[in-house]
Amino acid sequence: MYRRSLALLTGLALLTAAVPHGALAQTAEITGAGASFPNPVYQRWGEGAKAIGIQLNYQSVGSGAGINQIRNRTVDFGASDAPLKPEQLTEAKLVQFPAVMGSVVPIVNLPGVEIDQLKLTGEILADIYAGKITKWNDPKLVELNQGVTLPNVAIAPVYRADASGTSFVFTSYLSAVSSDWQGKVGAATSVKWPAGAGARGNEGVAGTVRNTRGAIGYVENAYATQNKLTTVQLRNKAGKFVKPTMESFIAAAGNADWSAPGMAASIIDQQGDASWPIVSPTFILLPANPENADRSRAVMRFFDWAFTHGGDAARQLEYIPLPENVQAKVRDAWKQVNVDGKPVWNR
């Protein structure tokens, strides 16, 4: 897969060029915390949004911490890859909306194995993380990868040690393809992992896999591309082995159903010969009754700008922008945020 290195270097210039002259306004600082899954694109958008007078301070601390911080109102917005249920949103007085879509990819550190050369299935991934397959030259892996020399090396699974939306997405996939995993482990931001070692954040998983011979992990695709990590092919629901490319991500994303409460679309293990099986939206949480209307409005202005001007930057990092009709639904959802009975967003 062509990794778009040049595009990554020129992305900020494109973002700045997208902002009309005279758009610069008095700076408003907004604070957010949560998912590391979308952190690369949020940081890129943050650089571009300075041109409209918005300074973003986003902390990539994991979805669980982001949910806690917005519940405690210590940030202006929280970010989570695991959507909250309607009753959770009501109890915490929060409004939820998607910001962008991304893809989770398995990464490996195997001597002699090149990017996207190794083939895996969801069932084999589940067995690896369940501790049932422990060597890279296990017969099941050898049979699946004829023509690839697999070493007699112990498999070292790496998972997220923190409460993680990326883990929620990954374990949702494992639960969808393995009834054994679903029954014994399940899907959540934190699970009791049967095998392996933990690392904090997508950054920590990427670093641990890169530095550990025989390791396997899972990260948002941008972390794999930026760090030139070895990704794999996965067998999708149609029985086809697909590589983690923008084309396969878009093929899966086209099946998203946004009608669920909180716009909590699931794009796990979708149909289609070309579909990558682990694609997911990532979500933003806003107080429905903010204490500071101006800061809440600035958060909405930031994401409104990102929807309008940040699509190219998202695609360069291999995220998938929301379709325009979904962006319109998000702006309608913002009207639920009000102070003294008056909507904060009135465009």
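**Close-up views of a predicted model**

**View 1. K93, a loop residue with positive phi.** K93 is placed in the loop between α4 (86-92) and β4. This structure is a predicted model. The phi angle of K93 is near 55°, a positive value in a residue that is not glycine. Most residues other than glycine have a negative phi.

View 2. E318 belongs to the loop between α13 (311-316) and α14 (324-334). Its phi is about 65°, again positive although E318 is not a glycine. The relative accessible area of E318 is 1%, so this residue is buried.

**View 3. Strand β8 and its two partners.** Strand β8 covers residues 215-220. All of its residues, 6 of the 6, are buried, so the strand is largely enclosed by the rest of the structure. One partner is strand β4 (residues 94-108), which pairs with β8 in the antiparallel sense over 5 bridges. In this pairing V105 stands opposite V219 of β8. Another partner is strand β6 (residues 156-160), which pairs with β8 in the parallel sense over 2 bridges. Here P157 stands opposite I216 of β8.

**View 4. S280 and its surroundings.** S280 is part of strand β13, which runs over residues 278-287. Its relative accessibility is 8%, and S280 therefore counts as buried. Neighbours within four places in sequence are left aside in the following list. The contacts of S280 are then F37, D81, V100, M101, G102, V169 and I267.

**View 5. Helices α2 and α12.** Helix α2 (residues 39-49) packs against helix α12 (residues 293-309) at an angle of about 100°, and their axes are 10 Å apart. This angle makes α2 roughly perpendicular to α12. On the α2 side the contact involves Y42, W45, G46, G48 and A49. These residues meet F302, F303, W305 and A306 of α12. By class, the contact of α2 with α12 consists of 7 nonpolar and 2 polar residues, with no charged ones.

**View 6. Helices α12 and α14.** The axes of α12 and α14 come within 11 Å of each other and cross at roughly 170°. The two helices are therefore roughly antiparallel. From α12, the residues in the contact are M300, F303, D304, F307 and T308. From α14, they are Q327, V330, R331 and W334. The contact of α12 with α14 holds 5 nonpolar, 2 polar and 2 charged residues. F303 of α12 takes part here and also in the contact with α2.

**View 7. The whole protein, for orientation.** The protein has 14 helices and 15 strands. Its radius of gyration is 20 Å, close to the 20 Å that the globule rule gives for 347 residues, so the protein is as compact as a globular protein of that length. Along the principal axes, the C-alpha atoms fill a box of roughly 65 × 45 × 35 Å. Of the 347 residues, 56% are buried. Among contacts in the protein with a separation of 6 or more, 77% are between residues 24 or more positions apart.

Terms used
Residues numbered from 1 in each chain as written. Predicted model: local features only at pLDDT ≥ 70, side-chain atom pairs only at ≥ 80, totals over all residues. Heavy atoms only, no water. Buried < 20%, exposed > 50% of the residue type's maximum accessible area, 1.4 Å probe, protein only. Helix = DSSP H or I, 4+ residues; strand = E, 2+ residues; numbered from the N terminus. Pairing = 2+ DSSP bridges. Axes fitted to C-alpha atoms, helices over the stretch in contact; angles between N-to-C directions. Parallel < 35°, antiparallel > 145°, perpendicular 65-115°, else oblique. Contact = heavy atoms within 4.5 Å. Nonpolar A, V, L, I, M, F, W, Y, C, P; charged D, E, K, R; others polar. Rg over C-alpha atoms; globule rule 2.2 N^0.38 Å.
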